[in-house]
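Subject: Handover of a structure, with findings

Dear colleague,

Please find below the structure that I am handing over to you.

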Amino acid sequence: MARLTKKERSFCIGFINSGDIDFAERYSGLDNGRELLCREEIRDELRRLSDVFNESVAYTASAGLKKLAMGSVADAVSLLYKEKPDHDVLEKMDLFLVSEIKRKDNCVEIKFFDRFKALCELMKLSGNDTRASSFYDALMMGAESLNRDGD
């Protein structure tokens, strides 16, 4: 297999990141992107980069779900006790678990992402979602039953 030049590798990276031949040409400094896509070694590099990118996205999603499911709420809760937090303090806080913050008068409302849903999604990613989804379905049926009985 022929080795790719530095600019051809840059073209491949630009194309994988954008899906746009014109952008990839500008990114790499080349002007023959359509011709490059016809070359087998370019297509092989694009497949390789695509696999790397997909693995990276899957890892990032998994890491994010783990953080949603098991992360600390300490920084978000500490907001409840701060009258007027300054920008520097807020920048250093880990508010990844927060889905919404509302402040009105002297009241602060903080909503968090659903930890149980994050765990279920994590199980799906791992391929072990049958038990988690069955448990979730049973919980939902029980909640619906309680709502009906309470009406």
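The largest nonpolar core consists of 10 residues, namely Leu4, Phe11, Cys12, Phe15, Ile21, Ala24, Leu36, Ile42, Leu46 and Leu49. At least two residues of this core come from each of α1 (6-18), α2 (21-28) and α4 (40-70). A nonpolar core is here a set of buried Ala, Val, Leu, Ile, Met, Phe, Trp, Tyr and Cys residues joined through side-chain atoms within 4.5 Å. Buried stands for under 20% relative accessible area, exposed for over 50%, and partly exposed for values in between (1.4 Å probe, protein chains only). Leaving aside residues up to four places away in sequence, Leu49 touches Cys12, Ile13 and Ile16, where a contact requires heavy atoms within 4.5 Å.

Please note that this is a predicted model, in which local features need pLDDT of at least 70 and side-chain atom pairs count only at pLDDT 80 or more, while totals for chains, interfaces and linings use all residues. Residues are numbered from 1 along each chain as its sequence is written, and side-chain values use heavy atoms, with hydrogens and water left out.

As to the overall arrangement, the protein has 8 helices and 2 strands, in the sequence order α-α-α-α-α-α-β-β-α-α. Helices (H or I, at least four residues) and strands (E, at least two) are DSSP runs, numbered from the N terminus. Of the 151 residues, 23% are buried. The accessible surface is about 11200 Å², and carbon and sulfur atoms account for 54% of it; the areas come from the Shrake-Rupley method with a 1.4 Å probe, and for residues only the protein chains shown count as cover.

Two helix pairs deserve a description. The axes of α1 and α2 come within 8 Å and cross at roughly 140°. Axes are lines fitted to C-alpha atoms, for helices over the stretch in contact, with angles from 0 to 180 degrees between N-to-C directions. Residues that meet across this pair include Phe11 and Phe15 in α1, and Ile21 and Ala24 in α2.

The second pair is α4 and helix α7 (residues 115-126), which pack at an angle of about 150° with their axes 8 Å apart. Their contact involves Ala61, Ser62, Leu65, Lys66, Leu68, Ala69 and Met70 of α4, together with Arg115, Ala118, Leu119, Glu121, Leu122 and Leu125 of α7. Ala118 counts as buried because its relative accessibility is 5%. Not counting residues up to four places away in sequence, Ala118 touches Leu65, Leu68 and Ala69. Ala118 and Gly64 are 54 residues apart in sequence, with 8.9 Å between their C-alpha atoms.

Finally, the strands. Strand β1 (residues 98-104) pairs with strand β2 (residues 107-112) in the antiparallel sense over 6 bridges; pairing requires that DSSP finds at least two bridges between two strands. Val98 has Phe112 in β2 as its bridge partner, and Glu100 stands opposite Lys111 in β2. The two strands form a hairpin with 2 residues between them, and Asp105 in the turn has a positive phi of about 55°.

With kind regards
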